[in-house]
Each structure stands twice: as C-alpha cells, then as structure tokens.
Amino acid sequence: MAKMTVITERCKGCGLCTAACPKKIVALQKEKRNKKGYFYAECTDQSACISCAMCATMCPDCAIVIEK
Amino acid sequence: MERNLMKGNEALAEAAIRAGCKCFFGYPITPQTELAAYMAKRMHKAGGVFLQAESEIAAINMVLGAASTGVRAMTSSSSPGISLKSEGVSYIAGSDLPAVIINVERGGPGLGGIQPSQADYWQATKALGHGDFQLLVYAPASVQEMVDYVVKAFDRADKYRMPAMILADGLLGQMMEPVTFPEINPEAYDKSGWAANGHKMKREHHIINSLYLKPDELENSILERYKKYDIIKETETEAELYLTEDCDILVCAFGATARVVKSAVNDARAQGIKAGLFRPKTLWPFPVKEINEAAKNAKKLLSVEMSMGQMIDDIKLAINCSKPVEFFGRTGGVIPSPAEVLGEIKRMGGAL
Amino acid sequence: MAVVFERPKSLIDVPTHYCPGCTHGIVHRILCEVIDEMGIEGDTIGVCPVGCSVMAYDYFNCDMIEAAHGRAPAVATGVKRTNPDKFVFTYQGDGDLAAIGTAETVHVATRGENIVVIFINNTIYGMTGGQMAPTTLPGQVTQTTPFGRSPELAGYPVKVCEMLSQLTGTAYAERVAVDSVPHIKAAKKAIRKAFENQKAGKGFSIVEVLSTCPTNWGLAPLDAIKRLQDEMIPYYPLGVYKDVEEGVFPKTEGGNE
C-alpha cells in the first residue's frame, strides 16, 4: 500500500506538488495552517497513491516522504 | 648555515617556502614580480602550488580557499594590487583565517610610480578593508629581516588565526644582500578543530564564514577577535632603539628609511648633536611601550617617512602628544638622503 | 512498507530560508542526492558565495566555505589545488557568476580547474530584492529595469554555457532546468556526471540550472514554473554545450583545438 506523508511544519504551501501528481490526489488543504501560517499540502486519497514520488520530486523543501 | 646573496623579492619567496608555505597565488606588478617568478620556479619542486591568478582579487580569494583547509598560503603584490585585495583580506580576517600577504610598496595614489614608498602605512595599519579588524604588520629593513619576518608572519598568523602582512617597499624588494635561512621546522599548529578539508564522516562539518546576520552574533565574533588583538598588543610588539638613552632628538622611521636615518643619526652624533633612532619592526601592533622608553629623555621627536606623513599619527598617539613631533618626508618614490635628514635634525637641534 | 523517497542525508534536516516555491530547494536536494549516492560527503568541500544561497552552509552537511560575491571559483581553486583528492563544488547565482564574478568564471574554466560549478540562473538578483541580473531577459521588468530591460540601455543577457563551451579548459557544460519531474531527473544526471568528471580528473564542469524566483518575479510558484517554461527555456535552450568525453563541441571552426 503506497503512502504519501507531508511533514506539515516544512511545507510552505507553494503548491508545486499539487500540479505534479499524476493521480491528482495532492492538494493544499484550506483548514489547518502550520506554525508558519502556511496551508500545507495533503494527499486527498492515500489509496490512489501509486508512490511515484513525483510530488516529492517537485517539493523544494523535502516536506514529502513516500513509502511503498 | 650558508650565506646567500639574494634579491629581496626572491628572499621573501624562499623564506616562505622554507616556512612551510604550501601555495602561492600571485599576479604580476612592479616592483614585486620577481617574487612570483621565483615561486613559479621553486614552489613546484618544493611540493607546493604556484598559480598566477587572473587578478589580485582572484589571488587573495585563492589564498582564502587554501587557508580555509588549513594550508599555509601566501600572496604578494604592490600598493594598487593590495587595494584590490582589501575585500578579500577583510573576509580572511572575518573568517579567522591565517594568511600571509606581502606588499612591496610603490608610489601612489592611483597608478603612481614604481619607486619605493611607505604611503600604504595607513592602509596596512588602519583599514586595509571594511569593518573592525586588524592584521599583523611587519616592517623589515633588510633582506635578512624580510626572511625572518616571513617566517614569523606564518607562525603568528597560524597562532592567532589572522592575516599577517609584510610591509616592504620597492627598495628592499629590489636590492640584494646576503641572507642566511634559519633551520625552520614550521611548528604545526593543530587546525583540525576548524579546517574545512573534508570531515571524512568523522566529525561535524566545519564552516568557514564571516556572515552573521544577527547583530549580536556578529558583535560577539568581533569581540572575540579583539580579545586576541589585546593579547597581541601586549606581547608581539618589536622595535629597535638606537642611541636613544640620552638622545635630545628622537628620529622615528621604519623599513628602508630607517637605514637612511641611522646614517644621519651617526653624522649628527659626530657633530655633537644627541640624536637617536626609534625603528618599529611591528607597525601593528605599534610598539607603544618601546617608543615611550625611547622618547623618555628626548625633547623633540621627528618622524621621517617616504610619504606625506602617516606613522606620525601613531607616534603622537603613543606618547599622548606629550612632546612635539615634527615630520620630514619625501614621497612619490623619492628616497630621502641622509644629508636631508641631518639637515632636519640640525634645524630642530638648533632651537635647543 | 519501505521508504522510497526522503531527504538525502547530506542535506541537513532544517527548514530553509528560501521563499515558498523557490526551486533552489530542489537543486539543493538533487545535489545532496548525488553526494550521498557517490558516498563523498566526507570528502567534499562546498563554496557558497553571496546570494540567496550564501547560507547554504547551514544546509549542506559537507565542509563549507562562504565566499565573497563573485569569488567562489577563485576560493574553490585555492581549495582544489591544495586538496586535489577532495571533491570541490561552487553553488552560485547568475549575478555572482556572470556579473561581478565573470573574470573568475572565465578563468576557472579556461584553466580547466577540476571542480564542479552549480550555476543557478533565475534571471534576477534574488537576495537583494529583484534587480536586473546579467541573465535578465530583454523586456523583463525588475527593480532596476522598471520599464523592462532594454538592450540598448542595459545590454543583452549572458549565455553562460554557450560562452564557456568555447574555452578549451571546459570539459563539460550543460544547461538543465528544474521546472518538471523529467527535467529534475535530467538535472540530477548532469550533476552526477559533473562530479564523475571531477573524480576522473576531466577538468572544468558546469551545470547551469534554470530556476525560478517567485517572489521577485511577482508570480505565484506555479506561474513562475510556467514562466520558466514559456520564456526562459526558449531563450536559454537546454542541452549539452560541451562534453569532451562524448565529443560534443561548440559550433566553432576549429572545434576544440
């Protein structure tokens, strides 16, 4: 089972990951902010994640860990 | 120890190699170029690195790079080239790196001339670059002293982790005198605590840096450095006092000019005028104790320089203007003659 | 489950000061992935001059030296010449490498210095708030070209890979970009090749990385990526401009000699 984890305190809400995901399951959520005040990204459907790590590859802050 | 007849510039280079200098980065500029040419011949054979850089700016930054890894590094130039190196020297001081910089002075300002000068005194001792920092400044007056002070400069630079300058001039650089090279085993200072030469996964990474965006951190780094400077002012001053015990007129001069003054002092003594010579060998730290000792019986002081008068400020400061200090100098590359200096001494002596 | 993607070891685990969406962070990561994969962190010395990446000594876990603006290639030369067995790289911006440091850039290349230069081209001075860089495009608005860069007044952009590929000492010059996953993978490959060149003593290697600056371009991160693709890549074509190993030489009459 693939798994995408966002290290929420490292995310700067830049959104580069959201455009990279081929499954369109990465988005900036609108409810919670991290300590810096950024709306951090999240995976909207872990079951659809294929652990291709394209989101993590686009992330400038190493804020995404991918497991498989 | 065999004696060699050597040109000043070449003696400086040979002394550096023997002092364990492992790399030299230079750029051609009269009157210092023989130093680089000598390094080009000798350094490689001595297992070191010689590289002619694309500019004096690049050369001083190559020194910074090599010094960052704990290697003894040197560059040399002459007045205009030293101006180009000023930012680099400030970085070296701000990064607490040892390095040796040689200035074989020529007439300035601007392109100036290629004859000897001492008009970079302020530059060397007051502000070679931006920010609060000093560098050790040695003023040899003979080819032998140039050898001795290059060796000392490398040692003290490593000891205090700071830049050290040999402030020579075109005359000293171009003249030939016999020299002997002392047996030197460059006392290895342990640099493993800070050198950035690859941590081999065995230690934390080292950072060579002079950037501190937080003001209190920058201040602290400067205060630490100034503790070192205080120790240096106490322990590292050197000067020659010649016939100063009973002198009425104390003539102050450094480098090649001091040799001219010594002749004039002797001539004056022969004519019954009690003159003496104070010759600082370290320009920073300025020998304050020594000049006060030398001036204790003097009525007047005379500073003789190959400039419009720069060291005279430090003389007045050192004796707190307690006695009158006059100036005589030639500049632009003109070398004062003993007769001229004698004339000044007599003029001053006549008023007693 | 096993981790298939995470922070490379030689990239220190701290938040960076870079702006959101600034692709410096991507280049930092792929550089550190190369350092990890080659197992050379303990034998590497990095030189970072003034620019947004001047504080990269807080991010790269190898030994680091902070250099004056434009002088990293000279500092790196001093390091490499006295430590030939170590890996030495510089990580420089476009103002640093192609404006104030042009002489150092040209001469480190023409000397064939056996180091790696990572050159971040984002067509602007980032740290100082968005002024014109030597790579600023014609018509591009910056703090110092408020009406758009006009070549008549402010000259033309410098094409660094093309320029340095003319120099015999250059062994490898490639321009890459970090705007998409395939490009990032290609950029990493180029960086790896540059370090392998250094290991094999091939001479001077430079990887020019087209990168974004959302803040000073005044664009949201994803729009900045788009600008890189639509405006920068056409002006700065990606590709290998010199590779002595693969026989790729610039289009000059005499080839390399």
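Domain bounds here come from an automatic or database domain assignment. By that assignment, chain B splits into domain 1 (3-188 + 199-235) and domain 2 (239-350). This is a predicted model, in which local features need pLDDT of at least 70, side-chain atom pairs count only at pLDDT 80 or more, and totals for chains, interfaces and linings use all residues. Residues are numbered from 1 along each chain as its sequence is written.

The C-alpha centres of domain 1 of chain B and domain 2 of chain B are 27 Å apart. Domain 1 of chain B brings 33 residues to the contact, and domain 2 of chain B brings 25. Contact means heavy atoms within 4.5 Å.

How much area do domain 1 of chain B and domain 2 of chain B bury between them? The figure is about 2500 Å², with 56% of it on carbon and sulfur atoms. Buried area is the accessible area (1.4 Å probe) that two parts lose on being put together, summed over both. In domain 1 of chain B, the residues that lose the most area to domain 2 of chain B are Gln118(B), Tyr121(B) and Trp122(B). Together they make up 30% of what that side buries.

Charges also meet here. The rule finds 3 salt bridges across the interface of domain 1 of chain B and domain 2 of chain B. A salt bridge needs a side-chain nitrogen of Lys or Arg within 4 Å of a carboxyl oxygen of Asp or Glu. Glu145(B) forms a salt bridge with Arg279(B), and their closest N and O atoms are 2.7 Å apart.

Technical notes:
Chains are lettered from A and ligands numbered from 1 in the order in which they are written. Side-chain values use heavy atoms; hydrogens and water are left out.
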